[in-house]
Amino acid sequence: MNARLFPLFVDLRGRAVVVVGGGAIAARKIERLLAAGARVRVVAPDLHRDVRALVDTRRVAHRAEGFRAALLDDAWLAIAATDDDVVNRAVAHAAGERRILVNVVDDAQLSSIQLPAVVERGDVQVAISSGGGAPMLARRLRERLESLLDESLGTLAELLTRHRRRIRASIPETGARRRWFDALLDRIAPNLRLRGSLAAAERDLLASLDDAPMPRAGSVILVGAGPGDPGLLTLRGLRALNEADVIVHDRLIGDVLTLARRDALMIDVGKRVGDRADAQARIHAILLEHARAGRRVVRLKGGDPFVFGRGGEELEFLRAHGIACEVVPGITAALACAAHAGIPLTHREHAQSLRLVTAHAKDSLDTLDWRALAAERQTLAVYMGVSALERLRARLLAHGRSADTPFALVENGARAQQRVIVGTLADLPERAHAENVRAPALLILGEVAALATPLHWFGAPPIARSQPLALSDAA
Ligand code: SAH
C-alpha cells in the first residue's frame with residue numbers, strides 16, 4: 001500500500017516560523033500563519049508591499065539578507081517561497097538536518113508537509129489535500145464545500161465548545177452522547193440563522209441536558225426559486241431545499257424541485273388550492289399547520305417572494321403567529337427575462353429608471369400612475385400583462401408615450417422554450433395575439449427593448465413582424 005500524507009492540525013501560537021522569500025505568494029502564507037498566532041520571521045532581501053506592510057506594523061520580523069541554515073535554528077516550521085530553486089533546496093536541506101517540518105511552495109518532492117486548501121467557518125476548518133499532486137482538484141473541491149457549508153457552522157461550534165464540559169459531565173457515555181448530539185443538531189442546526197435562534201438553541205441545549213428536551217421548533221423559509229432554471233436558484237435557497245421536511249410550492253417552479261430533498265413532503269398549492277377565493281388563506285393555514293408540527297417548511301415561490309408574489313402577506317401572517325421565518329431572495333422574472341433576452345434594463349443612454357408593474361386585473365390598471373409610467377427614458381417591466389395589453393397601450397399612448405417605443409415580450413423567459421417577440425407599442429396587442437403569446441410572459445417596454453435583436457444570445461432569435469402591418473392583421 002502506498003503511504004499517504006498524515007493530516008495534522010498544528011497549534012502554532014507563539015511558535016517561530018521562518019518564511020524564506022518575500023513575494024506575493026509568501027504574503028499569502030504569512031497571512032495564514034499570523035491567523036494561527038505564529039511568530040513569523042521573513043528572510044528575504046526584498047519585500048512585496050503586502051509583506052512590507054506587515055513588517056512595518058511589526059506583525060512580522062524581517063531579516064534583509066540571503067538564506068543561511070542557522071536562521072532555522074529556533075524554528076518549528078519553515079516555508080520556502082522563493083522562485084530560486086537553489087535557495088528552496090537549501091531551505092529544505094537545512095530543515096531536514098534540524099528535523100524541522102518544511103513546505104516548499106509548489107514542490108511536493110522537496111516538502112515534508114503540504115499546506116492544504118481550507119474552508120473555514122469560525123473554528124471549524126475543513127482541510128483538503130490531493131496528496132500534493134493535483135492542487136487544482138483540491139481547490140475545486142474547496143469551492144464546492146464553500147457553497148455547501150453554512151455560515152452558522154462556526155456559531156454552532158462555538159456554542160458546543162462553550163458547553164463542552166457540562167455536556168460531557170451530564171452524558172458521560174460516548175454512544176449516548178452521540179445520540180443526544182444528533183437529536184440536538186436535528187432540532188437546532190437548520191434554524192441557526194434565524195433571528196434569536198442562537199439563544200433558543202442554547203436554551204434547548206441546556207434543557208435537554210436536564211433531561212427535558214424541547215420539541216423541535218418548526219420554521220418557514222420563503223424561498224425565491226427564480227424563473228425555473230435550477231441554475232438560477234441561490235445557494236442559500238438550495239440549502240433550504242436540502243433541509244426541508246415540507247415544500248409548499250406554486251405550479252410554476254420549473255425544474256427547481258428536482259433539487260429538493262428526496263423524502264420531503266411536496267405540496268403543490270397551485271393545484272391544491274387552485275383559484276378559489278380563499279386560496280391565500282388556505283396557503284397560510286397549510287404553512288402554519290406544518291410549522292406548528294415542528295417541521296422545517298420551505299415556501300417555494302417563483303422568481304422572488306417579495307415581487308408580486310404575496311410573500312409579504314405570508315411573512316406577516318406567520319410572524320403574527322409566532323413562527324420563526326427567513327426569506328431567501330430569488331431572481332425575479334424581470335431580471336431573468338431581461339438577461340436572457342439581451343436587454344439591459346437600465347442603460348446610460350436609453351433608460352435611467354426601471355419600474356416593476358403588474359397588470360393583473362382591471363382595477364390594478366386603474367390605480368397606476370399612468371402619467372409617470374408614460375415618461376420617456378425609462379423601462380417598464382410588466383408582470384402578468386398578457387391579457388391587459390390593449391388597455392395598457394391605450395393608456396400609455398393617451399399619456400404621451402410614443403407609438404414607436406420598442407417592446408419585447410418574453411415568454412417562458414430563461415427556459416429552454418423561451419420566445420421573445422419584439423415590436424413597437426403601436427402594434428403590441430396585435431403582435432402578441434398573432435404570435436399566440438401564453439403565460440408566463442413578461443413585457444419589457446422602453447427604449448432598451450430595441451437591444452433584444454442586436455444583443456440576442458440565448459435561445460431562439462427574437463421574432464419581429466416580417467411584413468408591414470396589413471389591414472387584415474389589425475382587424
Ligand atoms: N414572484 C414572481 C412573480 C410572480 S407573478 C417573480 O418575482 O418573478 C407571475 C408573473 O411573473 C407571470 O405572469 C409573468 O408575468 C412573470 N413571470 C414569471 N416567470 C416568468 C418567466 N419564466 N418568463 C416570463 N415571465 C415570467
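**Exercise 1.** State how much space lies in the largest pocket, and identify what lines it.

*Solution.* Step 1: the largest pocket holds about 2,000 Å³ of space. On a 1 Å grid over the protein atoms alone, a pocket is an open set of points with protein on both sides within 12 Å along at least five of seven lines, and lining residues have an atom within 4 Å of a point. The volume is the space filled by probe spheres set on the points, which are joined across faces, edges and corners.

Step 1: the lining comprises 48 residues, of which R32, Q114, L115, P116 and A117 are the closest to the centre of the pocket.

Step 2: among the elements that each supply at least two lining residues are α1 (24–35), β6 (117–121) and α4 (135–148). Helices (H or I, at least four residues) and strands (E, at least two) are DSSP runs numbered from the N terminus. The largest share, six residues, comes from α1.

The model is predicted; local features need pLDDT of at least 70, side-chain atom pairs count only at pLDDT 80 or more, and totals for chains, interfaces and linings use all residues. Residues are numbered from 1 along each chain as its sequence is written, and side-chain values use heavy atoms, with hydrogens and water left out.

**Exercise 2.** Determine how much space lies in the largest cavity, and which element gives the largest share of its lining.

*Solution.* Step 1: a cavity is a set of grid points where a 1.4 Å probe fits but cannot get out. The structure holds one cavity of 30 Å³ or more, and the largest cavity contains about 50 Å³ of space.

Step 1: its lining includes P190, S219, E243 and R296. β11 (296–301) gives the largest share, three residues.

**Exercise 3.** Which atoms of G302, T332 and M384 lie at the stated distances from the ligand?

*Solution.* Step 1: a backbone N or O atom of G302 is 3.0 Å from a ligand nitrogen atom. For T332, an N or O atom in the side chain lies 2.6 Å from a ligand oxygen atom. M384 places a backbone N or O atom 2.8 Å from an oxygen atom of the ligand.

Step 1: the ligand taken alone exposes 540 Å², and the protein buries 88% of that; accessible areas come from the Shrake-Rupley method with a 1.4 Å probe.

**Exercise 4.** Explain why the ligand lies between two domains.

*Solution.* Domain 3 (219–331) and domain 4 (334–474) both contribute residues to the shell around the ligand, so the ligand lies between them. The domain bounds come from an automatic or database domain assignment.

Technical notes. Polar contact = N/O pair within 3.5 Å; in protein donor to acceptor, adjacent residues only side chain to side chain.
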